[in-house]
Amino acid sequence: MKTKHWIMIFSAILIICAADTVFLWHDDGEGSVVGVFEDGELIYSIDISTVDEDYEYRIETEYGFNVLSISSEGVSITDADCRDRTCVKHGRLRGGSPIICLPHKIVVRWLSEDQSGIDAVTGTLLK
Amino acid sequence: MTALITAVSLIIFVIEAQLPSLTPIPGIKLGLANIAVLFALYALGPTSALFVLVLRIIMGGIFTGQMMAVLYSFAGGILAYLIELLLYKRLNKNHIWVVSVFGAIMHNVGQILVAILITSTVQLVVYLPVLIISGIITGAFTGLCAQFLLKRLETTKILKQ
């Protein structure tokens, strides 16, 4: 195959992925329940529409800590002791992409309707 | 010769590791050390390239003090190597960049797979498109570097085959 054909193929893939990314990142919400997972297990959840006062939830794992700031507007990780602090740089939780801290195995994401069978007001979880 | 290339790859890797992460997305980096692997693949052959890759991953992990990342590097690196192995005979020296792009994409796919397994979070797959974009761009860049490098060195006869 000629070079320009390869360029066309990759450009097409690039554009598709770019469109997909834009689409995902601006999809701002599937409800208002946020879930915090450690190593795949739900350890905390909160329905942010019920939050009156902003507060912080400190996540402690065996690898370190992350501080999750929660308000009625959204959640974000505002502090962590992991090396690259990717989770902090992520900013507010968006629709499509979860906030991840790989070294601590923490994932913060929206919970879909069927997953949020919890006592959303007090933030305690189902188990 | 292989050892020399490995050393160069290691140095590039360690230096690049000192740079702060460009984007908030985990795993996005230039991957400049792979220029050496691609170069070795086309100039010296698959065994040499594999040697460069594996040794650079292990020693890179030791030198940067990030042994945890070694797991991710292996996942990405080996997958990338396999697809490069598959393609390098079919694509000539003017298309090293194409091989590199496939390698980079597979590298990122490998990393997401490991991340998904480790964190037990399938949702991480939403990062796939972004990592593919990154793979295409960085793959093309490093591939072109390897391509030009090979072209220059061939004429100087350092690489007697």
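Tutor: A helix here is a DSSP run of H or I with at least four residues, and helices are numbered from the N terminus. The model is predicted. In this model, Leu86(B) lies in helix H4 of chain B.

Student: Why does Leu86(B) count as exposed?

Tutor: Exposed means over 50% relative accessible area. Leu86(B) has 56% relative accessibility, so Leu86(B) counts as exposed.

Student: How far apart are Leu86(B) and Val99(B), in sequence and in space?

Tutor: In sequence, 13 residues separate Leu86(B) from Val99(B), and from C-alpha to C-alpha the two are 9.2 Å apart.

Student: Where is His107(B) found, and why does His107(B) count as buried?

Tutor: His107(B) belongs to helix H5 of chain B. Buried means under 20% relative accessible area. The value for His107(B) is 16%, so His107(B) counts as buried.

Student: What does His107(B) touch?

Tutor: Leaving out residues up to four places away in sequence, His107(B) touches Ser73(B), Gly76(B), Gly77(B) and Ala80(B).

Student: Why does Ala104(B) count as buried?

Tutor: Ala104(B) also has its place in helix H5 of chain B. Its relative accessibility is 15%. The limit for buried is under 20%, so Ala104(B) counts as buried.

Student: Which residues does Ala104(B) touch?

Tutor: Not counting residues up to four places away in sequence, Ala104(B) touches Gly135(B), Thr138(B) and Gly139(B). From Ala104(B) to Leu144(B) the distance is 40 residues in sequence and 13 Å in space, C-alpha to C-alpha.

Student: What is Trp97(B) in contact with, leaving aside its neighbours within four places in sequence?

Tutor: In chain A, Trp97(B) is in contact with Thr3(A), Trp6(A), Ile7(A) and Phe10(A). In chain B, the partners of Trp97(B) are Gly139(B), Ala140(B), Gly143(B), Leu144(B) and Gln147(B). Each of these has heavy atoms within 4.5 Å of Trp97(B), so each counts as a contact.

Student: Which residues touch the most other members of the largest nonpolar core?

Tutor: This core has 35 residues, and those that touch the most other members are Phe10(A), Tyr42(B), Leu91(B), Trp97(B) and Val101(B). At least two residues of this core come from each of H1 of chain A and, in chain B, helix H2 (34-43), helix H3 (46-64), helix H4 (67-88), helix H5 (96-119) and H6. H2(B) gives the most, with 9 residues.

Student: At what angle do helix H1 of chain A and helix H6 of chain B pack?

Tutor: Helix H1 (residues 3-25) of chain A packs against helix H6 (residues 128-156) of chain B at an angle of about 145°, with axes 8 Å apart. Their crossing is left-handed. On H1(A), the contact is made by Phe10(A), Ile13(A), Leu14(A), Cys17(A), Ala18(A), Asp20(A), Thr21(A) and Trp25(A). On H6(B), Pro129(B), Val130(B), Ile132(B), Ile133(B), Ile136(B) and Ile137(B) take part.

Student: How many residues of each class does the contact of H1(A) with H6(B) have?

Tutor: There are 12 nonpolar, 1 polar and 1 charged residues in the contact. Asp counts as charged, so Asp20(A) belongs to the charged class.

Student: How many helices and strands does chain A have?

Tutor: Chain A has 2 helices and 7 strands. Along the sequence they follow the pattern α-β-β-β-β-β-α-β-β. Of the 127 residues in chain A, 44% are buried.

Student: What makes S3(A) and S4(A) a pair?

Tutor: Two strands pair if DSSP finds at least two bridges between them. S3(A) and S4(A) are joined by 7 bridges, so they pair, and they run antiparallel. Arg58(A) stands opposite Val67(A) in S4(A). The two strands form a hairpin with 2 residues between them.

Student: How many bridges join strand S4 to strand S5 of chain A?

Tutor: Strand S4 (residues 64-70) and strand S5 (residues 75-80) of chain A are joined by 5 bridges and run antiparallel. One of the bridges has Val75(A) in S5(A) as the partner of Ile70(A). A hairpin through 4 residues joins S4(A) to S5(A).

Student: Why are S3 and S5 of chain A edge strands?

Tutor: The strands form an open sheet of 3, in the order S3-S4-S5 (chain A), with antiparallel pairing. Strand S3 (55-61) and S5 each pair on one side only; these are the edge strands. On average, neighbouring strands of this sheet are turned by 30° against each other, direction ignored.

Methods: Residues are numbered from 1 along each chain as its sequence is written. Chains are lettered from A and ligands numbered from 1 in the order in which they are written. This is a predicted model: local features need pLDDT of at least 70, side-chain atom pairs count only at pLDDT 80 or more; totals for chains, interfaces and linings use all residues. Side-chain values use heavy atoms; hydrogens and water are left out. Axes are lines fitted to C-alpha atoms, for helices over the stretch in contact, and angles run from 0 to 180 degrees between N-to-C directions. A crossing is left-handed if the near helix is turned anticlockwise from the far one by less than a right angle, and right-handed if clockwise. A nonpolar core is a set of buried Ala, Val, Leu, Ile, Met, Phe, Trp, Tyr and Cys residues joined through side-chain atoms within 4.5 Å. Buried means under 20% relative accessible area, exposed over 50%, partly exposed in between (1.4 Å probe, protein chains only).
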